[in-house]
Number of protein chains: 2
Amino acid sequence: MRPNLDRSNAVTPPSPPQRRRVTVADIASAAGVSRATVSLVLGGSPLVGAATRARVEAEIRRQGYVYNRGAANLRRKASTSVALVINDLSNPFFAEFAAGVDEALADVGHVMLLASTGESVERQRAVLASLVEHGPAGVILSPAEGSRAQDVRAVVGLHTPVLVFNREVEGGDWDFLGTDNAEGARQATAHLLAQGHRRIAFFGGHAGSSSCRQRRSGYLQALREAGIEPEPRWLVECTATRLQAAASTGALFVRDPAPTAAVAYNDAVALGLMLGLAARGILPGHDFAVTGFDDIPEAAASVPTLSTVATEPRARGRQAATLLLERVRAPETPPRTLIAPVQLVARASSAFTAPDATTNRTTLR
Amino acid sequence: MRPNLDRSNAVTPPSPPQRRRVTVADIASAAGVSRATVSLVLGGSPLVGAATRARVEAEIRRQGYVYNRGAANLRRKASTSVALVINDLSNPFFAEFAAGVDEALADVGHVMLLASTGESVERQRAVLASLVEHGPAGVILSPAEGSRAQDVRAVVGLHTPVLVFNREVEGGDWDFLGTDNAEGARQATAHLLAQGHRRIAFFGGHAGSSSCRQRRSGYLQALREAGIEPEPRWLVECTATRLQAAASTGALFVRDPAPTAAVAYNDAVALGLMLGLAARGILPGHDFAVTGFDDIPEAAASVPTLSTVATEPRARGRQAATLLLERVRAPETPPRTLIAPVQLVARASSAFTAPDATTNRTTLR
DNA sequence: CTGAAAGCGCTTACAG
DNA sequence: CTGAAAGCGCTTACAG
């Protein structure tokens, strides 16, 4: 993958000059001091006398001066921005994550550059290239599926630290912040087992994605620990959207005895599954137990409310920002991997005891 | 409101220098050309010979050079970023809007600076000040409630064009992109009237917000055009969240005859209302008709699906970005006000004919 | 086609 | 306490 060399702005010309901008020089001459003194006032330096400071500040307000942090950062070789690259802002999980990043950055006076990739590796390349040229202190990347470490590194360069979130990219020399997917699915499965379910499906996601594989492994582990040999037909794949999940519901009931519960890949899938169940006359939370993953806001508001594994994306966002800024301050420390803990939230969708495993014959269709 | 004069970075020091950064000078000397020539190569200028160009490009790749667009923009007095200030990223309406802005900006090679205010005027001030210092070509502002034009202008300065979205700020000399709130509520009300409803409530929102007032006025207009004198108790205020709406449902049924339908302030409120109705044993879409506003993704997936007024936040985001960039190119043209059209989407939540108005006695509790 | 020079708006030693 | 000077990384007339 070659870096994008053309800076000709083929797409659109950059914005033309506006009304002449007020600079430190304007303030300096109006206040009768040198530019250096204005700069010291701006920096809150104690070297400047109170009278001088007052004069300069009055002039700053009078002329509506706006500090040019870009110029300052250029001179100081510093940065006060962080780039965030996510898949899709309309996914509430990523929106919450971005909100967390924003919170943490605002607290330390940094600004967030945000772009989304729509899960396209090519768009990710373009977007990373564009963001990195703006000189962020670092990049938080929730990588598109199929991202390769060398491609990311080629476009980001060696200069800018990267923190990868959510999905590992093999071979990267960067920090990683992940979620304990296996443990979350294990907890969800154990919860269903504790309610007496023996035929439990894992519903949704694609085995190609690492988070799906990890969740499946936690699910399988819990089943095996309970002495249950999982059946292959309990593993139902589907794209992680509500609509696809609703449409795939039938796959659970192709043969008797059907599962009485399902661990869904995530909340979107779980909500879709509940829709699909309802459409078949199966009441989720009554005839069939469902758990989700993520605890998006909707999980607490759906009917029935959705039992799910809370991953707290907003807290993860804050954490990611903090970790990245630590890395910026200590570029040479070895890369870290952090796996955030998860917590099962039991709600109505799984709040029933399974019928006895031997007599239960859910002949549903 | 005084501008924030202190640039001392009290909160956190800006990031320290990283490994030495590769510059045009490094490429130039390695390729045996001047910095100007490298710049011309970067700019895709036809003045450079093919052999020279190839040599320079090879060197750029070899050294992992990353273009410093900040420095270039400083020199050219240009900008390739746009700032977006919204209330809350975890609100799907704003998340979709931001996604639209992002799409449009990415298409023209601009970068998005994003921050949220949490509906706080003070945080909005701080966030605007911080963003504007990074020199965006313009600012898209979805103002926090209570924003005042002079405060915004004081902190943004005269140099940076502003486009206000969603909520008007009195006295601003900027472009405004809004939604036809009155027309949307009028359509929703007319739709319910056409189904035979005569006692129709307007549910949710606060009369203090201009969008709520506009929606109420469309609702009232539709009722009056139908010869119905609206009753004061049909106007139920509540904060625009699902939970608050569910909790306020009872206010509709304090006296007989109760309304048989409600125009909800927005989708969150409508979904909460449907929950509140269900909790009282009233089936939304069967015993009581509900319409929402916004058409968030969930509206199509709720049970029953929610009739609503589509405002297409993503399209609005794209439009806002386009309008702002037009303004950047033509700073002197007079401010524009655009009111985007809306479209009623009829779904199950309103898909029943009202019982005859005279015999109907919904003695519900 | 290529190079030397000036300058964007700022900061930071260094003198005074 | 304040000012003159250099320089961050780039671009752009202007010569040649």
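A residue counts as buried here when its relative accessible area is under 20%, as exposed when it is over 50%, and as partly exposed in between, using a 1.4 Å probe and protein chains only. Keep that scale in mind for the whole tour.

This is a predicted model, in which local features need pLDDT of at least 70, side-chain atom pairs count only at pLDDT 80 or more, and totals for chains, interfaces and linings use all residues. Residues are numbered from 1 along each chain as its sequence is written, chains are lettered from A and ligands numbered from 1 in the order in which they are written, and side-chain values use heavy atoms, with hydrogens and water left out.

**Stop 1: a salt bridge in chain B**

Select Arg216(B) and Glu237(B). Their side chains meet in a salt bridge, 3.7 Å from N to O; the term stands for a side-chain nitrogen of Lys or Arg within 4 Å of a carboxyl oxygen of Asp or Glu. This pair links distant parts of the chain: Arg216(B) sits in helix α9 (residues 210-225), Glu237(B) in the loop between β7 (235-236) and α10 (242-248), and the two are 21 residues apart. Helices (H or I, at least four residues) and strands (E, at least two) are DSSP runs, numbered from the N terminus. Is Arg216(B) buried or exposed? Arg216(B) is buried, at 12% relative accessibility, while Glu237(B) is partly exposed, at 40%.

**Stop 2: two more pairs**

Now pick Arg125(B) and Glu122(B), another salt bridge, with the closest N and O atoms 3.6 Å apart. The two residues lie three apart in helix α6 (residues 121-132) of chain B, which means about one helical turn separates them. Arg125(B) is buried, with a relative accessible area of 12%, and Glu122(B) is partly exposed at 48%.

Move on to Arg224(B) and Glu229(B), whose closest N and O atoms are 3.9 Å apart in their salt bridge. Arg224(B) is partly exposed at 49%; Glu229(B) is exposed at 56%. How many salt bridges does the structure hold over all chains? The total is 38.

**Stop 3: where the chains meet**

Show both chains. Contact means heavy atoms within 4.5 Å, and by that rule 75 residues of chain A are in contact with 76 residues of chain B. Together the chains bury about 6,800 Å², 57% of it on carbon and sulfur atoms; buried area is the accessible area (1.4 Å probe) that two parts lose on being put together, summed over both.

Two salt bridges cross this interface. One to display is Arg69(A) with Glu133(B), at 2.9 Å between the closest N and O atoms. Several elements of chain A give two or more residues to the side touching chain B, including α3 (50-63), α4 (69-76) and α12 (313-329). The element that gives the most is α5(A), with seven residues.

Strands of a sheet pair through backbone hydrogen bonds, either parallel or antiparallel. Two strands count as paired if DSSP finds at least two bridges between them. β2(A) and β2(B), residues 111-116 of chain B, pair in the antiparallel sense over three bridges. Click on Met112(A): its bridge partner in β2(B) is Leu114(B).

**Stop 4: from β2(B) to β1(B)**

From β2(B), step across to β1(B), which pairs with β2(B) in the parallel sense over six bridges. Ala83(B) has Leu113(B) as its bridge partner there. β1(B) covers residues 81-86, and six of its six residues are buried. Ser81(B), Ala83(B) and Val85(B) lie on one side, with Val82(B), Leu84(B) and Ile86(B) on the other.

**Stop 5: an open sheet**

Next, highlight β7, β6, β8 and β9 of chain B, which form an open sheet in that order with parallel pairing. Since β7 and β9 (289-291) stand at the edges with a single partner strand each, one side of each is left without a neighbour in the sheet. β8 (residues 261-264) joins β9(B) through three bridges, and Ala261(B) stands opposite Ala289(B).

**Stop 6: back to chain A**

Finish at helix α1 (residues 24-31) of chain A, whose buried residues are Asp26(A), Ile27(A), Ala28(A) and Ala31(A). What covers them includes α2 (35-42) and α3 of chain A. Just after α1(A), look for Gly32(A), which takes a positive phi of about 70 degrees.
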